Each structure stands twice: as structure tokens, then as C-alpha cells.
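Okay, thanks for coming, everyone.

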Amino acid sequence: QLSCLVKMVTLHGIPEDLDSYPKDLLLFLSSSDYAATGSCRQYFANIGKANLDVLQRESSQRKQLLLEALACLKIPGTQVNEENAEILGRLVCDLGGEYIRSSGGNLLKQLNQCESFLPDQEEAIRSVISSGNTTFGPLVAWSAFTLNELSGLIPVFDHSILQKIPK
């Protein structure tokens with residue numbers, strides 16, 4: 001339905017008020033189409049707010065979006081800073097474990113929104129959290145507020161993590 005709607009919306013060219021349309025609609029528009037109305041950074045900031053689960057997790061379309069976003073943001077390696085993590089938004093859900101490890105705690109806020117994780121991602125999240133080198137600090141200093149902030153990641157926590165968090 002969304003891809004059909006995109007065809008209707010863009011029938012007479014790309015509308016200038018594209019940012020006011022539902023973000024999910026942009027998933028079916030290419031970044032080059034959007035470039036006429038704004039920057040690729042703005043496009044991916046909007047994509048990051050969309051419901052990516054509209055596209056199948058391992059689909060080529062979703063993989064392509066992530067590759068284009070990384071190229072647009074000029075992320076050469078696997079380290080993503082906080083500013084780029086904000087722009088990527090829900091796209092971080094598709095980043096592999098190597099990105100999660102290299103980026104330290106920069107991705108935790110966005111990863112918190114993900115519906116599910118691959119085993120490689122889960123391992124990387126546990127590794128980053130266990131290190132204590134995040135804005136949330138070491139596990140022994142966590143509070144109920146911290147757990148609330150990271151509630152989407154709790155299913156990934158293993159016994160070694162949970163036992164270090166104060167009751």
C-alpha cells in the first residue's frame with residue numbers, strides 16, 4: 001500500500017512538503033528522489049524515525065537503505081558517533097555486532113527501540129554494557145531510572161549482567 005501511495009504522491013514530481021508526509025512513506029522513495037527537496041542527511045533522519053519493520057528485516061531494500069545512510073553520513077569504518085546514531089535512528093537496528101562494539105555506548109539509545117536482535121548483535125550489546133564504558137556507567141551504579149531508559153535491551157541481558165545491577 002505504501003509503495004502504491006508513493007507512486008500517487010510523486011505522480012507529478014516530488015512534492016516540496018515531503019517532510020510533512022508520514023515517515024514510513026519515505027521507505028519507498030529513493031534518497032536520490034528525495035535529494036531534490038533536501039539533503040541526504042535529512043532523508044535518513046526521517047527514515048530513522050520510520051517503522052522499518054514495514055520492510056522485511058534481511059530484505060535487500062533494507063540493506064540498501066543502511067548502506068546508503070552510512071555513505072551519506074560518511075561513516076568510513078564501524079564507529080558511529082552519537083550525532084550520526086541520532087540521524088540513523090531505527091536504522092541502527094540493522095547494524096552488525098562490529099558496529100555496536102566499535103561505537104561503544106553511542107548506539108544504546110537507538111538500539112533500545114529495536115524489536116529484535118540477531119545473536120551477533122546481542123553479544124555485542126552485552127559486551128558494551130558489561131564494559132561499563134557507556135554514558136550509563138558501570139552496572140553497579142545503575143538505578144531503576146537506568147533500567148527504564150534501557151528497557152528495550154533488558155531481554156538481551158544475561159545472568160552476569162543482571163547480578164551486577166543493584167536490587
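I'll start with the overall picture, then go through disulfides, salt bridges and aromatic pairs.

A bit of housekeeping: this is a predicted model, so local features need pLDDT of at least 70, side-chain atom pairs count only at pLDDT 80 or more, and totals for chains, interfaces and linings use all residues. Residues are numbered from 1 along each chain as its sequence is written, and side-chain values use heavy atoms, with hydrogens and water left out.

So, the overall picture. The protein chain has 11 helices and zero strands; helices here are DSSP runs of H or I with at least four residues, strands are runs of E with at least two, and both are numbered from the N terminus. Of the 167 residues, 40% are buried. Buried means under 20% relative accessible area, exposed means over 50%, and partly exposed is in between, with a 1.4 Å probe and protein chains only. Take contacts between residues at least 6 apart in sequence: 50% of those join residues at least 24 apart, a contact being heavy atoms within 4.5 Å.

On to the cysteines. How many disulfides does the structure hold? Two, going by cysteine sulfur atoms within 2.5 Å of each other. C40 and C72 make one, with the sulfurs 2.0 Å apart. C40 sits in helix α4 (residues 40-47) and C72 in helix α5, so this link ties together parts that are 32 residues apart in sequence. C40 is partly exposed at 31% relative accessible area, while C72 is buried at 10%. The link is right-handed, with 90° about the S-S bond.

C93 and C114 form a disulfide too, also with 2.0 Å from S to S. This link is left-handed, at -95°. C93 is in the loop between α6 and α7, and C114 is in the loop between α8 and α9, 21 residues apart. Both of these cysteines, C93 and C114, are buried. If you count bonded cysteines along the chain, the pattern is 1-2, 3-4.

Now charges. There are eight salt bridges, counted when a side-chain nitrogen of Lys or Arg is within 4 Å of a carboxyl oxygen of Asp or Glu. Have a look at R62, which is buried at 3% relative accessibility. R62 bridges to D94, with the closest N and O atoms 2.7 Å apart. R62 lies in helix α5 (residues 60-72) and D94 in the loop between α6 (82-88) and α7 (97-102), so that pair connects parts 32 residues apart in sequence. R62 also meets D53, at 3.4 Å from N to O, and D53 is partly exposed at 46%. Through shared partners, D53, R62 and D94 form one network.

Last topic, the rings. We have two aromatic pairs, where ring centres of Phe, Tyr or Trp (its six-membered ring) lie within 6.5 Å; planes under 30 degrees apart are stacked, over 60 edge-to-face, and the rest tilted. Y43 and F44 have centres 4.8 Å apart and planes at 75°, so they're edge-to-face. W142 and F157 are 5.9 Å apart between centres with planes at 50°, so that pair is tilted. Y43 and F44 are both buried, and so are W142 and F157.
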